[in-house]
Amino acid sequence: MKKNKLYMLASAAVVAAGMGLTSCSDWLDLAPIDYYGAGNFWQSEDQAIGNIHAQMSKLREFNFQINITYGEIRGGAYTTQTGGSDGASLNAQYLRDQNLSQTNYGVANFGNYWGLIAAANFFIHNVENAEYFTSEDTKNYCLGMVYGMRAYYYFLMYRAYGGVPLRLTPDVENGNYDTSTLYKARATASETLAQIKADIDKSLQCFGSQTSFNFNGSSKNAKYYWSKAATEMLAGEVYLWSAKVATGDQAIIPGDLAKAKSYFQNVVNNYGLSLQPNFADVFSTSNEQNAEIVFAFDADETEVANSIPSSYVYGIITGYTPGSAFESDGTLWDNPLTVPGAVQRYQFANALWYQYDAEDTRRDATFIASWHDKEATQLRGTFVRKNLGSILATTGYRCYNGDQPIYRLPLAILSLAEIANMEGDQANVEKYVNQIRQRAYGADWSQDAYGYKAGSFVENEVAILHEKDKEFVQEGQRWYDVRRMSISSACGETDHLVFHNEGSVAYG
């Protein structure tokens, strides 16, 4: 045995010498050229871009939490009933009831965004001084993406928790395993907001003057990746928030309103974006990454489905709707919106349905109503039909393969309406609200019949809120809206709509 081992080692040394290698250990340390491990990563542009793909894929896993748990479920647009109209029990009762406590905390560990932040920190640390990129433009575009994404993660946490621990370097990768120094206390709210703004500035600096959606030199699938337009949309949200909402030691900054306005105007004017002619077309699987989309999570039948829609439809076998409820035309319910095994776990309040005019195309593109009676006078409940994917020709079954928008153009437009209201600019309040309404009413549009006429500050604020209610179902807006929007332009600590009847989905 010993002789055989010595012979093999000697043979390896001979081969190594013949190959011009310096030692046996060098030869034994060779790895396949396509093998990525800790010792040979961050050495090429392809590896860095591959890491971007991985980061975006991981972010997509937070789809439901970002849009529903954080952005919508507490906003007052959901029913507070324990059971839905289809007979199933509904989820997140304590969130819908605002019944939060040490045991009912909603989301643990600050939402578990730390893995996303760690990945961003790794990327920035390894790419900032990298020299292997084919061009500085490509390198800077990638850094612009990641700085923008890190700001987005911290802004999600800032609106939920105020000050949070700020981890901005990859300590463990740098060899620090000391738990006493790795532990970080919560930063103050002002420190957290300052870091968010610093990352936004760095992102925009890295993106430079580019105004296209062209990750890795291609427009294909580019809107599934962070972009300069996404950073500017985020910047508008951040500065609008800080102009209207005090958090912890962070006072309201009135001057941030003008900065928010500038960022939203850039989104509207600089990226070739435009509203789709028909609201339903925005979410069509045959019209993905359309001109209205700024940033979206990809959903695909061959990869991963959209995690939101299946909890908002009825049970095709176990539910109470088929055969007992009525559709709007008086026929017994027989509407193929769902898939086998789906169960309704979330339901919007009936009051939201009644906010829509019958001529508003968003109503029937977003909801389908079930009725207690043939005459459709008693609303039993609604199911969400918006963004339900498609029926696959290969299987004959529905697949929830519709992309999930995170940012789209109407958010910038209605944010400009909100800013105009803060400025006392009645003409632009009307302009921006009616720009969205005109698309919503389509062929039935009439300025006299359906156009918004500006009123008092609170009337305008509520009108903008309700316009967003009808436009952004399942898109993570209402909870932030009622916390930010106010009954007074003075924006006092208790002036926000969440504390007033004007914030109710049934108000007006």
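## How H7 crosses H10

The crossing of helices H7 and H10 is left-handed, a label used when the near helix is turned anticlockwise from the far one by less than a right angle, with right-handed used if clockwise. The contact is made by Gly 144, Gly 148, Ala 151, Tyr 152, Phe 155, Tyr 158 and Arg 159 on the H7 side, and by Thr 231, Leu 234, Glu 237, Val 238 and Trp 241 on the H10 side. Contact here means heavy atoms within 4.5 Å. Sorted by class, this contact of H7 with H10 has seven nonpolar, three polar and two charged residues. Ala, Val, Leu, Ile, Met, Phe, Trp, Tyr, Cys and Pro count as nonpolar, Asp, Glu, Lys and Arg as charged, and the others, Gly among them, as polar.

H10 covers residues 228-244, and it packs against H7 at an angle of about 30 degrees with the axes 10 Å apart. Axes are lines fitted to C-alpha atoms, for helices over the stretch in contact, and angles run from 0 to 180 degrees between N-to-C directions. H7 and H10 are therefore roughly parallel to each other. The cut-offs are under 35 degrees for roughly parallel, over 145 for roughly antiparallel, 65 to 115 for roughly perpendicular, and oblique for the rest.

## Reading the model

This is a predicted model, in which local features need pLDDT of at least 70 and side-chain atom pairs count only at pLDDT 80 or more, while totals for chains, interfaces and linings use all residues. Residues are numbered from 1 along each chain as its sequence is written, and side-chain values use heavy atoms, with hydrogens and water left out.

Glu 45, Ile 49, Ile 52, Gln 55, Met 56 and Leu 59 of H3 meet Thr 138, Cys 142, Met 145, Val 146, Met 149, Tyr 152 and Tyr 153 of H7. By class, that contact has 10 nonpolar, two polar and one charged residues.

## An antiparallel pair: H14 and H15

Now look at H14 (residues 409-423) and H15 (residues 426-441), whose axes come within 7 Å and cross at roughly 155 degrees. H14 and H15 are therefore roughly antiparallel to each other, and H14 passes H15 in a left-handed crossing. From H14, the contact uses Pro 410, Ile 413, Leu 414, Leu 416, Ala 417, Ala 420 and Asn 421. From H15, it uses Asn 428, Val 429, Tyr 432, Val 433, Gln 435, Ile 436 and Arg 439. By class, the contact of H14 with H15 has 10 nonpolar, three polar and one charged residues.

Ile 419 is also found in H14. At 1% relative accessibility, Ile 419 counts as buried; the cut-offs are under 20% relative accessible area for buried, over 50% for exposed, and partly exposed in between, with a 1.4 Å probe and protein chains only. Leaving aside neighbours within four places in sequence, Ile 419 is in contact with Leu 240, Leu 257, Ala 260, Lys 261 and Phe 264.

## Strands that pair

Strand E1 (residues 293-297) is mostly covered, with five of its five residues buried. E1 pairs with E6 (residues 404-408) in the antiparallel sense over four bridges, and Phe 297 stands opposite Gln 404 in E6. Two strands pair if DSSP finds at least two bridges between them.

E2 (residues 367-371) runs antiparallel to E3, and five bridges join them. The bridge partner of Ser 370 in E3 is Gly 381. E3 (residues 379-384) is mostly covered as well: six of its six residues are buried.

## Spots in the loops

Most residues other than glycine have a negative phi. Ala 92, in the loop between H4 and H5, has a positive phi near 60 degrees, and at 18% relative accessibility Ala 92 counts as buried. Gln 98 also has a positive phi near 60 degrees. Gln 98 sits in the loop between H5 and H6 and is partly exposed, with a relative accessible area of 35%.

Ser 311 lies in the loop between E1 and H12 and is buried, with a relative accessible area of 16%. The C-alpha atoms of Ser 311 and Gln 344 are separated by 4.9 Å, although the two residues are 33 apart along the chain.

Terms used
Helix = DSSP H or I, 4+ residues; strand = E, 2+ residues; numbered from the N terminus.
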